[in-house]
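Subject: Structure handover

Hello,

Here is the structure I promised to pass on. Please open it alongside this note; my findings follow below.

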Amino acid sequence: HGNPPAASTFYTMYPPVMAPQANMFGNVPGYEGTVPGGGGFLPPPMPTEPVAPPQPAPENPEWSIPSLSEDEARKAFKEFVSSHCCYSDAPVTQGVITSMEPFNTFRYRLETFTESRSTEWAQKPYEGEPADFYTQPAPQPWEVQATPPNLFSDHKVKIRVPFTSSVKECNTCHATGVEQCTECNGCGKKACWVCDGTGVKLDAACSHCNGTGKESCSKCNGRGKKECQTCKGKRQLLTYIELKKHLQDHVVEHNSGLKTDKLCSVNGKELFKNSQNLVYPLFGFPNPGVSQASDRLIKEHQTKYGQTSRILQQRQTVELIPITRVNYEWKDNTHAYYVYGNEHKVNADDYPATCCCVIL
């Protein structure tokens, strides 16, 4: 959930025909702006715990990955070429590796798990629930107790706010429990489907409707009325304030080193992982690009999501992704390909032995 727009636009809203009457919902202290249909997200209260100062990342001596062997490079190259029907395997079988250059490429990942809350007046068929409206003050939106969420998993939760429930007569059916059938407009009959309401079929009286052109409405069994869809025949409604919890995981990634859009499909070696309420920038990281990305992205997340939601947990991860440039000679020309990720995927944009397949 991002920041609200700087400018607000106001619209005139007309209630639908079956909208709840204005007096159906009472005012509850702390929820004065709550309306049927809900509004925007409610800003969370200021945190009571002091925010700790940024701390340097813990030292980790294992900043390198074992180099790729020539045999592993050839095997990865062979598998790559065999997966392309238009590639000749001559560069694989005849080419000679002349040098291999490793590149350390770091991937920084930040996850921010937030909780947003919004409220709206809601109603349901009354089924004997206690009407606790005004028996004691209702808890404020961010005071309502809720089951602890599964972290870093998007989901929504609806909670009936305590001490906001009251019983009202159903406004749709005027407490009768029934409403007019919309299929037959309340008359209990509709046009016969066999004769299209003419009463005649094949130059004779329609046998399905006995020539009347009408048949009993199947939706209301000919009664012209059916159970009220709002109160489900209960005649009364329980109205209450419903709190909606929106739990979302916001993810951002930053790659440093060799630029390639293919890195998102591979895994690397996890060097660092840290999870807490608010994480701190990784100052002192061996690669300054990671430190800078960490500082910038953490500030962006805490500014963006801290105004309309509560940050429950943040998690940052640094991976070292192995990338090796393999230089080789074939037919007196120099070529190169890249082997990257734990999966040893290959990128060879200028493969020298391709052909065009023509399907006749």
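What pLDDT does the protein chain average, and what share of the residues score at least 70? The average is 82, and 84% of the residues score at least 70. pLDDT is the predictor's confidence in each residue, from 0 to 100.

This is a predicted model, so local features need pLDDT of at least 70 and side-chain atom pairs count only at pLDDT 80 or more, while totals for chains, interfaces and linings use all residues. Residues are numbered from 1 along each chain as its sequence is written, and side-chain values use heavy atoms, with hydrogens and water left out.

One stretch needs care. Over residues 1–22, pLDDT stays under 50. The model has 21 contacts (heavy atoms within 4.5 Å) beyond four places in sequence for that stretch. Where pLDDT is low, the predicted coordinates should not be read in detail.

**Strands**

Helices (H or I, at least four residues) and strands (E, at least two) are DSSP runs, numbered from the N terminus. Two strands pair if DSSP finds at least two bridges between them.

Strand β12 (residues 310–330) runs antiparallel to strand β13 (residues 333–340), with eight bridges joining them. V326 stands opposite Y337 in β13. The two strands form a hairpin with two residues between them. K331 sits in that turn, with a positive phi of about 55 degrees.

β13 also pairs with strand β14 (residues 345–347), antiparallel, through three bridges. Y340 has K345 in β14 as its bridge partner. This hairpin has four residues between its strands, and G341 in the turn has a positive phi of about 80 degrees.

**Cores**

A nonpolar core is a set of buried Ala, Val, Leu, Ile, Met, Phe, Trp, Tyr and Cys residues joined through side-chain atoms within 4.5 Å. Buried means under 20% relative accessible area, exposed over 50%, partly exposed in between (1.4 Å probe, protein chains only).

The largest core has 18 residues. Those with the most contacts inside it are F77, Y337, V339, V346 and Y351. Two or more residues each come from α1, α2 (90–94), β12 and β13. Helix α1 gives the largest share, five residues. F77 touches P91, V92, Y328, Y337, V346, A348 and Y351, not counting residues up to four places away in sequence. Another core, of 13 residues, lies apart from it; V279, L282, I298 and L320 are among them.

**Salt bridges**

A salt bridge is a side-chain nitrogen of Lys or Arg within 4 Å of a carboxyl oxygen of Asp or Glu. The count comes to 14.

E319 and R107 meet in one, at 2.9 Å, N to O. The pair links distant parts of the chain: E319 lies in β12 and R107 in strand β1 (residues 96–125), 212 residues apart. Both are buried.

R74 and D71 form another, at 3.6 Å. They lie three residues apart in helix α1 (residues 70–82), about one turn of the helix. R74 is partly exposed, at 36%. D71 is exposed, at 60%.

K124 pairs with E127, the closest N and O atoms being 3.0 Å apart. K124 counts as buried, at 18%, whereas E127 is exposed, at 55%. Salt bridges that share partners also join E70, D71 and R74 into one network.

Best wishes
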